[in-house]
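Let's walk through this structure together, one side chain at a time. Have the viewer ready and follow along.

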Amino acid sequence: MTTPSPQATDRTEPVHTQLQYQLAVFARRMEQVRTSGGIGMLDRAAYLLLDRLERHGPANVKALAEALGVDSSTVTRQVAPLVAAGLVGRVQDPADRRAVRLALTSCGTGRLAEVRDGRAELTRRLVAGWPPEEQRAFCALLARFNLAMESYTADQ
């Protein structure tokens with residue numbers, strides 16, 4: 001079953017009604033692309049955890065949870081299969097030898113690069129017909145929207 005075309009929204013509807021519909025379609029389509037195997041089988045939570053570890057280095061569960069805006073138990077649950085798959089490892093915390101931190105393994109670095117490259121290629125294909133200024137504007141507006149969502153959830 002396919003989702004109706006994004007053009008199916010009534011242009012006379014308020015922009016917020018159109019936008020919420022477009023976001024719902026976007027989320028559905030992203031999930032369809034992810035599960036089709038077209039950009040590598042790494043779910044959103046795993047991708048964001050691996051990306052965070054690559055960008056900021058080893059971290060404990062609490063720090064990851066705070067950075068990702070989720071509960072520590074959620075990070076613990078999400079990281080378990082990544083450890084089992086050898087994408088993330090546990091390393092000793094240099095500040096406290098009794099504590100451990102989670103770190104990206106070389107296998108995790110490679111897997112993240114593979115998935116990131118696949119996603120970048122898909123994005124290039126999807127916006128290939130857009131003028132470069134529209135691509136930059138879309139990216140800037142999406143980043144702004146994500147920041148607004150982050151602020152909203154932080155205030156709740």
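Predicted model: local features only at pLDDT ≥ 70, side-chain atom pairs only at ≥ 80, totals over all residues.

The structure holds one aromatic pair. It is made by tryptophan 130 and phenylalanine 138, whose ring centres are 5.4 Å apart. How are the two ring planes arranged? They meet at 80°, so the pair is edge-to-face, since planes over 60 degrees apart are classed that way. Phenylalanine 138 is partly exposed too, with a relative accessibility of 41%.

Another ring worth a visit is that of tyrosine 47. Arginine 119 lies over the face of tyrosine 47, at a distance of 4.0 Å from the ring centre.

Next, have a look at aspartate 51, a residue of helix α2, which spans residues 44-56. Is aspartate 51 buried or exposed? Its relative accessible area is 12%, so it is buried, the cut-off being under 20%. Which residues does aspartate 51 touch, leaving aside those up to four places away in sequence? They are Leu112 and Arg116.

Finally, the cysteines. The structure holds zero disulfides. Cysteine 107 is partly exposed, at 44% relative accessibility. Cysteine 139, at 51%, counts as exposed, because the cut-off for that class is over 50%.

Conventions: Residues numbered from 1 in each chain as written. Heavy atoms only, no water. Phe/Tyr/Trp six-rings, centres within 6.5 Å; stacked < 30°, edge-to-face > 60°. Buried < 20%, exposed > 50% of the residue type's maximum accessible area, 1.4 Å probe, protein only. Lys NZ or Arg CZ within 6 Å of the ring centre and 35° of its normal. Disulfide = S-S within 2.5 Å. Helix = DSSP H or I, 4+ residues; strand = E, 2+ residues; numbered from the N terminus. Contact = heavy atoms within 4.5 Å.
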